[in-house]
Amino acid sequence: MHQGPAVALFSIFVVVTLAITAWFGRQRRGSTEDFYAGGRLFSPLENGFAIAGDYMSAASFLGISGLIALYGYDGMLYSVGFLVAWLVVLFLVAELVRNCGRFTLADVLVARLRERPVRRAAGISSVTVSVLYLVAQMVGAGSLVSLLLGGTDGRARTWTVVGVGALMVVYVSLGGMRATTWIQIVKAVLLMGGTTVLAALVLLRFHGDVSQLLTTAADHSGHGRAFLAPGLKYGRDLTSRLDFLSLALALVLGTAGLPHILSRFYTVPTARAARRSVIWSIGLIGGFYLMTIVLGFGAAAVLGSSAVRAANPAGNTAVPLLALELGGGSDSMGGTILFAVVAAVAFATILAVVAGVTLASSASVAHDLYASLSRRRAVGHRRSRPRSEVAVARTAAACTGAVAIGLGLLAQNLNVAFLVGLAFAVAASANLPVLLYSLFWPRFTTRGAVWSVYGGLVPALALVVFSPVVSGAPDAVFPGLDFRLFPLDNPGLVSVPLGFLAGWLGTLTSSEAPDAAGHAEVEVRSLTGAGAA
Amino acid sequence: MEKSQRRDAVTVRLTDAHRAGKAGAGAGGEPDGPVRDPSGIYREVQGSAVFREVRRRYRRFAFPATAAFLAWYLAYVLTAIAAPEVMARPVTGALNVAILAGLAQFASTFLLAWAYARHARLRRDPAAQELRWAVTVETLRAGGLGQQRPALTSGRPPEGQAPGIVLPGQRRRGDRW
């Protein structure tokens, strides 16, 4: 009987976010600058919170803590990978992308490469990454609701996926980047607040003694000291260890290729502001992932791993159950309130993330794919018809929502963490190599860029189709069939090097001479901010 | 807004003699794209000593730092899968090597982020800002008034010749980070 307050709090969040959307929808000016980049006038602090709100997904909040509660140290590796990835973004990507691009990844590339093929390739890979990421969040929302409402009611799940999809389309198509940003800021504040309260309660229970927390967690995990050491989840055999390495690679390199993260740098006026927003977000995200570690070990210590596993085999309910227990148990006022807060925060998290991803996806469709398909709009005419491009983007947001709802319903039984890992792997294989080459390699050519994108994208997707996730394993999508050829769940270990290799080969075999003037322009613009949008 | 206040402080001047050397170098023949760098200003700046100093400072921090943290992260991951017994060794209380190394990853990330921001603010931002202003002025002069600068000679700008460009002071008022 503790769902009532959770539903009430969540309804309040939905009303607030719709009010934000209505407010910014009313004063919208309809320019592409406004719709994709929120007018580029957010402060570094605001953008730092929005980046954190865009990045910290429910998979992190519920999933990582759950993995730590079940597998101890092996779950903690996610927290580390998700944070360290931000150094790639800070050092190599954020400022340069802000200076060279306007709205999307492709904008950076076409500053020195031929427009149409590159825009099409980067658009396709960006939309692919976004849709994979969206499906993961939709599936997560569905499972969260069935967990909270008790039981696995299929109707509640379906309606949640449809509802989340409808809300994100409303946020994005009516509110654009301004509304999306403020929803993400509100969510980041709620998520940081909720996590801090829970982590503080865990530490208070153990009198601030981390060593005692870890010892109790190890004792109640059923694994003893092994709980605090590597190997419980990824130590069985060579394949599972390689799978772990593959995932680690995808996590650390994927963040810098996520379209919804790249688009956040365009919402601030200068590269320096982009840098400062990343510094803010590293502080917030680092603090958050440190607290997920406390929550994970706290759940193991307070509840015990077997109780966590009994409630949900994947551990996704560890944090809500921990909140219930820390508040005083399921019959107490405090427990009910804390549980409601955690549930509402998790919903808010999902909504804010899907809004950001939908916006990035609609930008890729309207600004890259649509523009490169309609021939004459590609050069020069875009500026004169900004309203029509925004209209296309709004339609694209609705289509993205429909696709994500459909796939989210189909993929309901897929593991959420796997889907997120896959989105990161595709981003690291298809988007990061082309971005780094075009920023730093003078000889890079259009053919290199196109090969690099498809040379990362196609292997990443193909390896997944032939992996144990799709066939040949008991928990696969088609457990009855067996056409697996690739042993690992995550393709990153193979597809990321392939993306870099394809870009290199494409450039070497290209008949086109390197565009020295284009490279000079990109280099000067990226490091000085001259001519930045 | 920021730029107009800084008009007086501009120290970058591109002399006429230098400019005459590079016009026409910028047209990178693009069949389906706009003509790149019509005024040649980007080639000119790219060859200047100030820009090369900015680029050198950026790369001398960003590239080794990237290599270092990637190596440290991979070492952390590889040790966990190749030598789990090393990671399981207790250090103090319940803390073992694995947990401490994980926390050290957090600490090194925070530290490197801070160091990068500080380096960029003190060593790169002022000169980059001056260059940005110089390019903006040149671009306006070349194209903004509706006339192209004449192509006097062909060829690239003389390497290393960076007339009149001086590195501005290391610190700027009101700058944080």
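How many residues of chain B are in contact with chain A, and how many of chain A with chain B? In this predicted model, in which local features require pLDDT of at least 70, side-chain atom pairs count only at pLDDT 80 or more, and totals for chains, interfaces and linings use all residues, 53 residues of chain B are in contact with 50 residues of chain A. Two residues are in contact if their C-beta atoms, placed from the backbone, lie within 7 Å. Residues are numbered from 1 along each chain as its sequence is written, while chains are lettered from A and ligands numbered from 1 in the order in which they are written.

**Interface of chain B with chain A**

- On the side of chain B that touches chain A, at least two residues each are supplied by α3 (41-47), α4 (49-82), α5 (84-87), β2 (95-96) and α6 (97-144) of chain B. Helices (H or I, at least four residues) and strands (E, at least two) are DSSP runs, numbered from the N terminus.
- The largest share of that side, 19 residues, comes from α6(B).
- By class, that side holds 33 nonpolar, 12 polar and eight charged residues. Ala, Val, Leu, Ile, Met, Phe, Trp, Tyr, Cys and Pro count as nonpolar, Asp, Glu, Lys and Arg as charged, and the others, Gly among them, as polar.

**Chain A overall**

- Chain A contains 20 helices and zero strands.
- Its radius of gyration is 23 Å, close to the 24 Å given by the globule rule for 533 residues, so chain A is as compact as a globular protein of that length. The radius is taken over C-alpha atoms, and the rule is 2.2 Å times the number of residues to the power 0.38.
- Along the principal axes, the C-alpha atoms of chain A fill a box of roughly 70 × 55 × 45 Å.
- Of its 533 residues, 65% count as buried, that is, with 20 or more other C-beta atoms within 10 Å of their own, C-beta atoms being placed from the backbone.
- Among contacts in chain A with a separation of 6 or more, 81% involve residues 24 or more positions apart.

**Chain B overall**

- Chain B has six helices and two strands, in the order α-α-α-α-α-β-β-α from the N terminus on.
- Buried residues make up 34% of its 177 residues.

**Helix packing in chain A**

- Helices α18 (residues 446-465) and α19 (residues 492-508) of chain A pack at an angle of about 155°, with their axes 7 Å apart. Axes are lines fitted to C-alpha atoms, for helices over the stretch in contact, and angles run from 0 to 180 degrees between N-to-C directions.
- That angle makes α18(A) roughly antiparallel to α19(A), the term for angles over 145 degrees.
- The contact of α18(A) with α19(A) comprises 10 nonpolar, nine polar and one charged residues.
- The axes of helix α5 (residues 73-100) and helix α10 (residues 238-254) of chain A come within 7 Å and cross at roughly 35°.
- Residues of α5(A) in this packing include L77(A) and V88(A), and those of α10(A) include A248(A) and G254(A).
- The contact of α5(A) with α10(A) has nine nonpolar, two polar and no charged residues.

- A430(A) lies in helix α17 (residues 416-440) of chain A.
- A430(A) is buried, with 34 other C-beta atoms within 10 Å.
- Leaving aside residues up to four places away in sequence, A430(A) touches S125(A), V453(A), G456(A), L457(A), A460(A) and G499(A).

Conventions. Parallel < 35°, antiparallel > 145°, perpendicular 65-115°, else oblique. Buried ≥ 20, exposed ≤ 12 C-beta atoms within 10 Å, placed from the backbone.
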